[in-house]
Amino acid sequence: MRLNRKQKIVRNLLVAALCLILAWVWAGCPPLTRGMMLRQAARENLVPVWEQVCDEPWPDRGRVVYLRCGGDYWQLWYKGMEVVRTDLRGTGGIMVAPSRETAGDLLAATNLDAASAEITWNIRWQEETWTVAGEPLGDALFRFPAPEGLTAKDGTRLRDSVWPERIFDYTLRLYGNTGELLEEVSG
C-alpha cells in the first residue's frame with residue numbers, strides 16, 4: 001500500500017510526537033508548566049493539595065512561592081521549571097517570613113479572617129525593636145514594610161537568608177473587623 005503525500009505527512013508527525021513523548025518519559029517526566037511543577041513538588045513532599053498564598057521574585061535567584069495546605073505553610077524556591085528547594089515555613093495556621101522581593105519587608109499569612117495585623121520584631125544582634133502595621137495584600141496575607149531604623153545590610157541579610165528564623169524574633173497580632181485581638185503569636 002502506497003501512502004499519498006498527506007498520509008506521509010500525518011505519519012511523520014505522529015512518529016515525531018511519539019519520539020518527543022518517549023524522550024520526555026526517559027528524562028523522568030520533567031514538569032512542562034508551573035502547575036505541573038507545583039503538583040510534582042506536592043507529591044514529593046507528601047502534601048495532598050497546595051493552595052498558593054503568594055509568589056514573588058527572588059532577585060538573581062529565581063522565584064519563591066508560598067503555599068498553604070491546611071494549617072501548614074511551605075516555601076518553594078524555583079528557577080525556570082526546576083524546584084531548587086522546598087521547606088516547611090509555618091504550622092498552626094500562621095506563617096511569618098521575610099519578603100524575598102524587598103529587603104527588610106516581612107510577610108505574614110494566616111488561616112484566620114483578620115482585617116488588620118501588626119508585628120513587633122527585631123533582629124537578634126540589634127537592640128532596637130520595631131512595631132509595624134501590616135498592609136493587606138489579599139485574603140489573610142499581609143506585608144510589613146521595612147522599618148526606617150533597619151540597615152540596608154541587615155535587610156539584605158534577612159531577605160537572602162535560607163533560615164531567617166535564626167535571624168529575627170517577632171510577635172504578630174491579628175485583629176478582627178471591630179479591632180478585637182484575634183490572635184497573638186510569637187516566634
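This is a predicted model: local features need pLDDT of at least 70, side-chain atom pairs count only at pLDDT 80 or more; totals for chains, interfaces and linings use all residues.
Strand E3 is mostly covered: of its 8 residues, 6 are buried.

What does E3 pair with? On one side of the discussion is E2, which pairs with E3 in the antiparallel sense over 7 bridges. Within that pairing, Val64 stands opposite Trp77 of E3. The two strands form a hairpin with 2 residues between them. Gly70 sits in that turn, with a positive phi of about 65°.

Then there is E4. E3 and E4 also run antiparallel, and 7 bridges join them. Here Tyr78 has Val83 in E4 as its bridge partner. This is a hairpin too, with 2 residues between the strands, and Gly80 takes a positive phi near 65°. As a general point, strands of a sheet pair through backbone hydrogen bonds, either parallel or antiparallel.

Now the helix that goes with these strands.

Just after H2, Leu46 takes a positive phi of about 55°.

Next, the aromatic residues. The count comes to 4 aromatic pairs. One of them is Trp50 with Trp74, a tilted pair with 6.0 Å centre to centre and 50° between the planes. Trp50 is in the loop between H2 and E1, while Trp74 is in strand E3, so the pair links distant parts of the chain, 24 residues apart. Are these two buried or exposed? Trp50 is buried, and Trp74 is buried as well.

A further pair is Trp121 with Phe168, and this one is edge-to-face, at 6.0 Å centre to centre and 85° between the planes. It also links distant parts of the chain: Trp121 belongs to strand E7 and Phe168 to strand E11, 47 residues apart. Both residues are buried. Ring pairs link Trp121 and Phe168 with Trp130 and Tyr170 into a cluster.

That brings us to the strands E7 and E11. E7 covers residues 116-123 and E11 covers residues 168-175; the two run antiparallel and are joined by 8 bridges. For one example, Asn122 has Asp169 in E11 as its bridge partner.

Which sheet do they belong to? It is an open sheet of 4 strands in the order E8-E7-E11-E12, with antiparallel pairing. Strand E8 (130-133) and strand E12 (181-186) stand at the edges with a single partner strand each, so one side of each is left without a neighbour in the sheet. From one strand to the next, the twist averages 15°.

One last contact. Arg157 lies over the face of Trp125, at 4.1 Å from the ring centre.

How values were computed. Residues are numbered from 1 along each chain as its sequence is written. Side-chain values use heavy atoms; hydrogens and water are left out. Two strands pair if DSSP finds at least two bridges between them. Axes are lines fitted to C-alpha atoms, for helices over the stretch in contact, and angles run from 0 to 180 degrees between N-to-C directions. Rings of Phe, Tyr and Trp (its six-membered ring) pair if their centres lie within 6.5 Å; planes under 30 degrees apart count as stacked, over 60 as edge-to-face and the rest as tilted. Buried means under 20% relative accessible area, exposed over 50%, partly exposed in between (1.4 Å probe, protein chains only). A charge sits over a ring if NZ of Lys or CZ of Arg is within 6 Å of the ring centre and within 35 degrees of the ring normal.
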